[in-house]
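Here's a quick briefing on how two protein chains meet. Take a look at the model first, then read on.

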Number of protein chains: 2
Amino acid sequence: MARKDPEIITEKDLMRRWSRSMRAQGKTIGLVPTMGYLHQGHISLVKEAQEHADLIVVSIYVNPCQFAPSEDLATYPSDFQGDIEKLRALSGGVDVVFHPQNLYDYGTSGAVSENNDASGNSCSSQSGDDKEKRAEGAAVSCIGERQYGHETWVRVERLEKGMCGKSRPIFFRGVATVVTKLFNIVEPDIAVFGKKDYQQWRIICRMVRDLDFSINVVGSEIVRDADGLAMSSRNVHLSPEERKKALSINKALSRAKLAAQSGQVSCRELRNSVTQAISESGGKIDYAEIVDQESLEAVEEIKRPVVFCIAAWFGKVRLIDNIEINV
Amino acid sequence: MARKDPEIITEKDLMRRWSRSMRAQGKTIGLVPTMGYLHQGHISLVKEAQEHADLIVVSIYVNPCQFAPSEDLATYPSDFQGDIEKLRALSGGVDVVFHPQNLYDYGTSGAVSENNDASGNSCSSQSGDDKEKRAEGAAVSCIGERQYGHETWVRVERLEKGMCGKSRPIFFRGVATVVTKLFNIVEPDIAVFGKKDYQQWRIICRMVRDLDFSINVVGSEIVRDADGLAMSSRNVHLSPEERKKALSINKALSRAKLAAQSGQVSCRELRNSVTQAISESGGKIDYAEIVDQESLEAVEEIKRPVVFCIAAWFGKVRLIDNIEINV
């Protein structure tokens with residue numbers, strides 16, 4: 001089968017024009033939002049999208065708004081040419097890669113200071129205003145908010161609070177906002193999100209419902225390497241030894257699922273075994289929570305479908321993973 | 001000219017289907033969001049929309065999310081049949097009146113309690129959860145958040161803080177969120193907002209820019225009764241005497257504009273004259289601020305275009321008004 005070269009679009013207006021001309025022809029559009037450095041996990045999202053839509057748009061954009069200044073924006077891996085090759089090689093292919101330079105640069109109008117010391121993905125220099133905000137404990141991202149004058153945020157207030165929201169307080173605000181922007185630019189009929197980012201997936205589902213987006217959100221199953229590690233762009237930063245240790249996450253989660261299915265319904269017991277196993281393997285637990293699959297509220301005893309979610313550090317890399325337990 | 005009967009649509013899906021079928025025929029759609037009890041101010045918004053779009057949708061929906069429990073949701077005036085008559089009588093007419101019953105009722109999925117004690121526009125009974133939130137000083141609206149499970153909010157964080165945002169801390173969150181929902185349901189090409197609600201208009205403009213809505217937001221000039229009072233659905237609650245007193249707002253603002261144009265650039269002086277005049281007429285000032293027309297930041301001396309914004313109580317009615325001063 002001939003390889004399909006995706007059209008690369010970098011401008012919002014051109015992206016929207018493409019979508020509208022396709023919709024006028026009766027085509028449906030599937031969106032797969034990514035931050036690039038694509039792996040088989042992403043490819044599985046694209047394949048999922050192909051099942052639901054006539055045409056596929058993959059966005060590649062490292063969103064500065066979901067990174068705090070202390071986080072790894074500067075070292076987030078990227079390989080745009082490699083990404084394009086992977087998409088070209090994919091059966092059925094991809095129609096458009098939307099690759100904007102800066103989704104928050106609206107031109108000069110609306111900027112609220114003369115400060116021009118930050119641009120693109122850099123997050124090293126923050127304006128005085130941002131420093132003040134940080135001193136007050138307020139949310140600050142890597143966007144250069146004062147420079148660009150961006151000030152509108154979408155918050156999913158209950159679902160964003162727990163788990164990853166605790167250690168990354170601005171993360172889901174940034175995700176919900178950039179996804180809203182992408183939805184408004186690409187105007188897709190369906191959008192695919194990976195269930196590895198379980199909380200993110202549920203937040204997007206809730207946001208789509210609450211804001212009446214006419215978009216079908218599809219959750220796609222976790223893809224694992226042969227050794228069981230959930231695929232993530234950040235895995236590249238793991239040393240071989242850290243990677244080996246990190247296998248403890250999936251092993252412990254799988255054991256917990258088996259135990260639950262064999263009648264162990266106490267979440268405290270299950271959490272204890274899992275955190276102990278990961279800690280003994282050299283991981284540093286950020287959280288280990290068993291929550292309702294939809295509300296993400298903590299559960300004491302497993303009586304209905306739950307999901308066991310983990311975040312843990314191995315060296316300088318923070319990994320997340322989860323397993324659904326349907327009893 | 002024959003009167004045009006607007007089609008009345010109450011369901012989100014049917015509304016979106018209508019818009020999409022019209023767009024597929026190459027028509028542009030103008031949206032005029034209202035809370036009903038229409039007056040000549042609303043009619044001027046519709047006429048403005050007619051200038052910019054082929055087809056007109058007027059939404060009539062009293063949005064519980066922008067009212068705090070202490071506010072006047074229960075007494076907000078309504079006259080749906082009268083509204084339809086006014087729109088029928090309008091030259092050129094209106095194509096659709098979108099009149100949903102409850103934009104926040106998503107069915108049972110997502111509700112987080114069994115509590116069914118609130119519905120529709122009633123705001124008298126709040127769930128225990130809402131009471132707790134209020135005790136913590138958190139934002140609570142009249143929506144019955146726990147009942148419907150709605151938890152996604154659009155915030156325009158800088159512009160929403162001052163002026164009306166000070167005395168009505170949940171107001172603009174409710175406005176930005178319901179307008180996002182209406183935009184996603186109606187999918188208009190343009191939307192018209194009145195400049196009487198100056199801060200609201202600027203917030204919607206900023207939100208549209210920041211979230212990449214493909215919608216042209218048009219600001220429409222204030223419409224006044226013959227005596228100079230800015231038209232508002234709430235004026236109906238003024239006694240004849242209160243109404244007479246309330247004329248002091250526009251009189252004082254007009255005098256301030258003349259003074260500024262004659263060289264009085266000190267905002268402190270201008271504010272003092274206006275607040276004194278309104279207070280002496282029996283009004284109770286909520287705020288009187290002279291701000292930059294775009295950033296809405298307070299100005300000390302008038303050197304560039306500003307807007308003088310007022311909110312004041314006359315009896316139990318809170319009125320807002322403003323005047324642009326372009327020096």
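Across the interface of chain B and chain A, 28 residue pairs are in polar contact, both residues at pLDDT 80 or more; that term means a pair of N or O atoms within 3.5 Å, where within protein one must be able to donate a hydrogen and the other to accept it, and residues adjacent in sequence count only if both atoms are side-chain atoms. Keep in mind that this is a predicted model: local features need pLDDT of at least 70, side-chain atom pairs count only at pLDDT 80 or more, and totals for chains, interfaces and linings use all residues. Residues are numbered from 1 along each chain as its sequence is written, chains are lettered from A and ligands numbered from 1 in the order in which they are written, and side-chain values use heavy atoms, leaving out hydrogens and water.

**Who does the touching**
- H7(B) brings six residues, the largest share of the side of chain B that touches chain A.
- In all, 40 residues of chain B are in contact with 40 of chain A (heavy atoms within 4.5 Å).
- The copies meet through the same surface, because 100% of the interface residues of chain B are also interface residues in chain A.

**Salt bridges**
- There are six between chain B and chain A (a side-chain nitrogen of Lys or Arg within 4 Å of a carboxyl oxygen of Asp or Glu).
- A:Asp212 pairs with B:Lys12 in a salt bridge, with the closest N and O atoms 2.8 Å apart.

Technical notes:
Helix = DSSP H or I, 4+ residues; strand = E, 2+ residues; numbered from the N terminus.
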